[in-house]
Amino acid sequence: MSAGRGELKALLLLFLRLGVSAFGGPAAHIAMMEDEVVRRRQWLTSDEFLALIGATNLIPGPNSTEMAMHIGRDRAGWRGLLVAGTAFILPAALMTGTLAWVYVHYGSLPAGAAVLYGVKAVVVAVVVQALFRLGPAAAKTLPLRLLGVLATVGAALGVNELLILALAGAAAVALERRPTLSALFAVGPLATGLTPVALATSAATPFHLVGLFLVFAKIGAVLFGSGYVLLAFLRSDLVDRLHWLTEAQLLDAVAAGQVTPGPVFTTATFIGYLLGRTPGAVVATVGIFLPAFFFVALSGVLLPVLRRSSRFRAFLDGVNVASLALMAVVAVQLARAAIVDMLTAALAVGSAVLLLRFKVNSTWLV
């Protein structure tokens, strides 16, 4: 077996395993990837991994899936990008599609609360572990640390994620040109971002696969932010504008995407099956993930050129520290939802000790 095929096989096996075991949303997925590719396999340094996080946050689409693609491209070129991205998506898409089949035939989702009860507490510890490891590399100067604090406050107050990243990058550039703390405030105050606005119609639009593909391709091409932002886009298009789904069906679809491991964007698979059975599931899944492959491939060409610019490197430093700030706020939100009693508290604390002190593999803990 050639070295190239060996690297592709390693990427395939790693991201298939992560696709089966990566519960907890993008922050947790990225933390598990960091554990595997930085600490265990040493494919990337912490700085290189942080640069990929920053690059991922600069483009729309599912962050953790794009991280898988970036890691694959860095390891094995465009073939690695395709293999890593597809391997991470496929298990979740198949599981979500199976849930959709059960939902259509039996009218409800099978219970998943017991699984999530334990997994969510472990996921909190996984994210905390990644923050401890990546934090020193990202917040390497006092201005960047202060920038991280400001970004954390903004995220906690509900400021749009993309706006936080853009302002953090701009502030870091201002600091690079004029290295005083007052430059932190030269980019203006934080402001809340815009949310999608539904354009309601009086009657349902006839369903067709081309329309389904276009809806999900548009969402994949423009969506920044969390699964809650995805919910807003889906509601705007599929409930309010097209009337293809009811509110209850949409919430069940989002629940299916959260119960299964891997990217929450596989909610599209559930909705596609609901509307168009197997062809609909395939079309919706391809539609929402296809833009990510394009954006990662394009950024892979542009980023090496841009990194030669001192201003872009400074911008990326700001984006990196803001990315960790967003991750920290997600960790707090996860903890509030996951730690609900003494048992889940014990699971979270015990997992944190095993991860930070004894370096246990996070996949097996999940």
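The following legends describe close-up views of one predicted protein model.

Residues are numbered from 1 along each chain as its sequence is written, and side-chain values use heavy atoms, with hydrogens and water left out.

**View 1. The fold of the protein chain comprises 14 helices and 0 strands.** Helices (H or I, at least four residues) and strands (E, at least two) are DSSP runs, numbered from the N terminus. Of the 366 residues in the protein chain, 49% are buried. Buried denotes under 20% relative accessible area, exposed over 50%, and partly exposed in between (1.4 Å probe, protein chains only).

**View 2. Helix α7 (residues 161–177) crosses helix α12 (residues 310–338).** Their axes come within 7 Å and cross at roughly 135°; axes are lines fitted to C-alpha atoms, for helices over the stretch in contact, with angles from 0 to 180 degrees between N-to-C directions. This angle makes α7 oblique to α12. Angles under 35 degrees count as roughly parallel, over 145 as roughly antiparallel, 65 to 115 as roughly perpendicular and the rest as oblique.

**View 3. A salt bridge joins the side chains of Arg17 and Glu36.** The N to O distance is 3.2 Å; a salt bridge requires a side-chain nitrogen of Lys or Arg within 4 Å of a carboxyl oxygen of Asp or Glu. Arg17 belongs to helix α1 (residues 3–21) and Glu36 to helix α2 (residues 26–40), 19 residues apart. Arg17 is partly exposed at 24% relative accessible area, whereas Glu36 is buried at 1%.

**View 4. Asp237 forms salt bridges with Lys218 and with Arg241.** The closest N and O atoms of Asp237 and Lys218 are 2.7 Å apart. Because Asp237 lies in helix α9 (residues 227–241) and Lys218 in helix α8 (residues 209–222), this pair ties together parts 19 residues apart in sequence. For Asp237 and Arg241 the N to O distance is 3.0 Å, and these residues, 4 apart in helix α9, are separated by about one helical turn. Asp237 is buried, with a relative accessible area of 3%, while Lys218 is partly exposed at 37% and Arg241 is partly exposed at 26%.

Conventions. Predicted model: local features only at pLDDT ≥ 70, side-chain atom pairs only at ≥ 80, totals over all residues.
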